Amino acid sequence: MSGEGRTMKLNLEQILDQLEDTPGFRDCVTAWEHLPANPPRHAPFPGDFDFDLLRALASRGIRQLYSHQAEALELARRGRHLVVVTPTASGKSLCYNLPVLERLRVDPEARALYLFPTKALSQDQVTELLALAAELPGGRGFRISTYDGDTPADERKAIRAAGQIVVTNPDMLHTGILPHHTKWARLFQNLRFVIIDEVHQYRGVFGSHFANVIRRLRRVARFYGADPVFICTSATIANPGELVSTLLGEEAAVIDRNGAPAGEKHLIFYNPPLVNRELGIRRSSLLEARRLASPFLRHGVPTIVFCRSRLATEIMTTYLKDEAGRVGRDPEAVRGYRGGFLPLERRAVERGLREGRVRAVVSTNALELGVDIGHLDVCLMAGYPGTIASTLQQMGRAGRKSGISAAIMVGSGAPLDQFILRNPSYFLGRAPEAGLVNPRNLFIMVSHLKCATFELPFDDGESFGVDTTGEILEFLAGEGILRSAGGRWHWMSDSFPAQEISLRSAAADNFVIVDVTGKPRVIGEVDRLGALTMIHEEAIYLHESRQYHVDRLDWDEKKAYVRQVESEYYTDANLAVELEVLDTAEAREGAGFDRAHGEVRVTALATIFKKIKFDTRENVGWGKIHLPQEEMHTAAYWLAVPEALAGSMPPPDVQAGLLGLGNLLSNTAPIFLMCDPRDLRAVCQVRSPHTGKPTVFLYEAYPGGVGFSEKLFHIEEMVLRASLDLVRSCPCAQGCPSCVGPAEEAGAGGKETTRRFLERLLGAGESTPAGTGAETGTGAGRGRGWA
């Protein structure tokens, strides 16, 4: 086999031909889309652009701009905030580097602040900037520095005093820069640009916090007399302008016409074959991805495989190293890449990819963002990445400016995966998801108002994004946190507020997770409601895709003690939830169903947990949970079934249908809301005290909510139609984890009743009875497009 692999080396087109002719392959392909090559659209540099910079760029092969780069430079020169929305590897970094470097050439005192969501991106950008600066004549470079938790203490003072470009992250800005702005006076006095890379990452709770951090940043900058231009970049999302304008509190121009060239690409959606039709269990996505990767590995085609977890990444790396040895390739040409690797290890893998020594890399989403890893020809995704934006970014990792590439998505049995694979037109046939944030979330906003007052006193009448700022300041004064004197509000507490606020949680009194595998260290935190389901004793806690077993939970001290394990299952806790509607924001009726969204009070008690296998989603065990009851005010969307319809069915079928509808909606809504399925939780009431009817509630898992419920109310028809498509196409007989939930949970009539509810809601006609859908794919071959 190895001799054959070396003497009969095939190109990518030939390998795809072989795959298509492999027995059973086409039966599993739900879509095979061919995207033609796109030529570049160029634009010249402005006539007055800095000559030395022109020469430095030319030495790196850049002699003209792509059209979107030229447009960004023009808008930035005019002082406009902007967001650039173009694909991976389209040269987005030049969109912000050019205006920044041009300004620094004429004004060495000018400053720029670069914000990246990960350290790897920060390091990559610093390397690129330093390489460009080295090309300038006479060593006239720029002072470019990274300021994060790894920056040595002796370097920090020099960076604060002289750094022209300071590269950091939102957490460091929140806790290390803004509260100590007096030490950064030179930066803030001369701040001309703020760069926000991968802005689509700032959504949900994280984005709601980040919007308030930006409010604080702009407030401090104004204090020092600066009004910087914000230049943002984003993956393809439905509302880049709206998202950036909400984050900044000011309008931003959108640049979304890509001028970069792209080679032709094949997109293949592959649904593994069923191994148990009755239970809806499919062959492991990891095993199928391994099998599909083998020919690319054998013939030396540069390949990246994305996995959903660290554990899966390690397993797949082992698989492919073994496969490399079997086909006569060097196992060291296969490398893993994930969070938790030392920086030097990550840099070595990145360098190996750029230099061509590494021919296959297996990664978590750590390589999804724009780290420079050279050119790859094939992207394999072992599981749907969770959002269309992430999928497009991962697919964009394969492909050159010319030539052919391929991206293959191998689905798991999860409902999200199954919906996308059975309905591929939803992927390329509609706009991507919208990034949602809610800077006015009371819990989040008040937390940052405290931070802002610590940084600078508030004047009477000054607003912090809401008209009720004065009332909130008075409340905080009543709590002894602030005091009013001379028309200003001053911080008077001994605490350091920024240190108490996590940018990834909406609540203040979080539980910390302590890893006791070796030397004890804090690895994360969760809010009180999350603690009930995520860190109860015997839970498997997932952190950056690593698995930890919760040995002990100290509820009073708010600490969970965990140790790292390798588990074949994760845990899923059942909550006994009581939900009370406090206020209805909007409501309407249609097809006899009442729909609304508003404010609710959720009371939750964790009862039991299940052990669910990662690959098959089988229930392999359970245990009891002994924790106190918790209460939370949040937002919810709800849907009430008409009495006439419910009355025509046996009560067990109504309950089964509600459970199935809740499972479906909570798993399909994230496709449209760009959120995690855990961000929305379903509660079913056979007779709701609020509506007086059988009702399904979807509530947000964060105090105050972040806008998912309101958005869901306005796009519900798309979500309901997607849910109906999923339940109709699922081949199981009575329910499975890929649709309404296992039959033993949803009930024997759950799938059929759920389908009837959805068809009545949408005015749809009777369909093929549940359980007679296609088992795997549709036999879509090359050129056949979407099935």
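Is Glu-538 buried, partly exposed or exposed, and what is its relative accessibility? Before I turn to that residue, two remarks on conventions. The model is predicted, so local features need pLDDT of at least 70 and side-chain atom pairs count only at pLDDT 80 or more, while totals for chains, interfaces and linings use all residues. Residues are numbered from 1 along each chain as its sequence is written, and side-chain values use heavy atoms, with hydrogens and water left out.

Glu-538 has a relative accessibility of 41% and therefore counts as partly exposed; buried means under 20% relative accessible area, exposed over 50%, and partly exposed in between, with a 1.4 Å probe and protein chains only. Its place is the loop between α21 (528–534) and β24 (540–543), where helices (H or I, at least four residues) and strands (E, at least two) are DSSP runs numbered from the N terminus. The phi of Glu-538 is near 80°, a positive value in a residue other than glycine. Most residues other than glycine have a negative phi.

Met-674 also has a positive phi, of about 55°, and is not a glycine. Met-674 is found in the loop between α23 and β31 (680–685). With a relative accessible area of 3%, Met-674 is buried.

I come next to the cores, each a set of buried Ala, Val, Leu, Ile, Met, Phe, Trp, Tyr and Cys residues joined through side-chain atoms within 4.5 Å. The largest nonpolar core has 116 residues, and Leu-82, Tyr-114, Ile-165 and Leu-673 have the most contacts inside it. Helix α23 (residues 651–673) gives the largest share of this core, nine residues. A second, separate core of 44 residues includes Tyr-147, Ala-235, Leu-247 and Leu-503.

Finally, a helix pair. The axes of α19 (residues 442–455) and α20 (residues 469–478) come within 11 Å and cross at roughly 75°; axes are lines fitted to C-alpha atoms, for helices over the stretch in contact, and angles run from 0 to 180 degrees between N-to-C directions. In contact, meaning heavy atoms within 4.5 Å, are residues of α19 including Leu-442, Met-445 and Lys-450, which meet Thr-469, Ile-472, Leu-473 and Leu-476 in α20. The residues of this contact divide into seven nonpolar, two polar and one charged; Ala, Val, Leu, Ile, Met, Phe, Trp, Tyr, Cys and Pro count as nonpolar, Asp, Glu, Lys and Arg as charged, and the others, Gly among them, as polar.
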